[in-house]
Amino acid sequence: MSQKIGIFPASGAFATSIINHLLKLVPASQLVLIARNPEKLASLSGAGATVRRADYDEPQTLDRAFDNVSILMLISYASFEIEYRIKAHRTAIDAARRSGVKHIFYASLAFGGDLGESSVAHVMGAHLATEKYLAELPGPTTYTAVREGLYSESFPIYTAWFDLQNPVEDVCIPHAGTGPGVAWAKRDELGEATAKMVHAYAKNPAGFPYLDRVVLLSGPREVSMRETVDVLGRVVGKPVRIRQIGVDEYVKLPQVGDKHTYHGVNLAREWATAWEAIARGEAAVVSPVLGEILGREPEDFETTVRAMASS
């Protein structure tokens, strides 16, 4: 099995998890790691991986970035804009196809319910468009879109940037805390499962069960937003509660604007659609696939958060 596996972008936290788990399954010489800052990957280059420079924000750098890569793990552009992200993803996909990539794994997101094709969450817009683009590619390129569960570690984004080291009593969000919740998933377990999927395809493309389809990876159970905040309270050892506010008030919170500004545009109001999606049950679907691929029960939300607090 000598097919080259490309990962782009390869220096972020999720990519690092995938790489670390792939290295338990394949030699470093089988990996082509493509990143904006390739110097961050110097140790992997020294171990035998091929390291190249490319950047979503510099489309011309993608032209030959995927040469000699058979399987590409494509991680989404790091923002939640829609049109800019769609264009960036399509540029990378087109470049990969020109370079002869046979199969593209795409790291999507677990909004949309049970593999639904629509979402009220703004953050999901570019993912859905990219999934559709992949599904409509003319042969011979095949794809797998992996809807990665909402990271347990990303809870601050959904709790008005709650800080375990400097906790507040009131989590002010445009959500009551009741109703459908989130099937939180540990990021490194998603990385492990995704790496195992890539390896499974590399070993046996014809027998790969997720060819030309979307697959959902989720945590082991649904956790309501109220329970999510209760967990945060138990971990920090003080009462924490949700105070429901309107979207207009949310976007004015001092900690929100800076966190949700991309290319000079404040997208805090667009981000707030995530709570509407959660309220509709879009992030509540529990899929058995993560546990099946891991061969064990995925880690629960509270265990992950307690580890975060003690690290």
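Helices H3 and H4 are roughly parallel to each other, a label that covers angles under 35 degrees, whereas angles over 145 count as roughly antiparallel, 65 to 115 as roughly perpendicular and the rest as oblique. The axes of H3, residues 83–98, and H4 cross at roughly 30° and come within 9 Å, where axes are lines fitted to C-alpha atoms over the stretch in contact and angles run from 0 to 180 degrees between N-to-C directions. The crossing of H3 and H4 is right-handed, that is, the near helix is turned clockwise from the far one by less than a right angle. Helices (H or I, at least four residues) and strands (E, at least two) are DSSP runs numbered from the N terminus.

This is a predicted model, in which local features need pLDDT of at least 70 and side-chain atom pairs count only at pLDDT 80 or more, while totals for chains, interfaces and linings use all residues. Residues are numbered from 1 along each chain as its sequence is written, and side-chain values use heavy atoms, with hydrogens and water left out.

The second largest pocket holds about 210 Å³ of space; a pocket is an open set of points on a 1 Å grid over the protein atoms alone, with protein on both sides within 12 Å along at least five of seven lines, and its lining residues have an atom within 4 Å of a point. Helix H4 gives the largest share of this pocket's lining, four residues, and the lining as a whole divides into five nonpolar, one polar and five charged residues. Among the lining residues are Leu-128, Glu-131, Lys-132 and Arg-147.

The largest pocket has about 1000 Å³ of space, and it lies between domain 1 (5–150 + 185–217) and domain 2 (154–180 + 220–284 + 299–310), because both give residues to its lining; the domain bounds come from an automatic or database assignment. Of its 39 lining residues, Ser-76, Tyr-77, Ala-78, Ser-79 and Tyr-151 lie nearest the centre. Helix H1 (13–22), strand S5 (103–109) and helix H5 (155–158) each supply at least two residues of that lining.

Finally, a search of the whole structure finds one cavity of 30 Å³ or more, a cavity being a set of points where a 1.4 Å probe fits but cannot get out. The largest cavity has a volume of about 40 Å³, and its lining includes Ala-110, Leu-150, Glu-282 and Val-285.

Methods
Points joined across faces, edges and corners; volume = space filled by probe spheres on them. Nonpolar A, V, L, I, M, F, W, Y, C, P; charged D, E, K, R; others polar.
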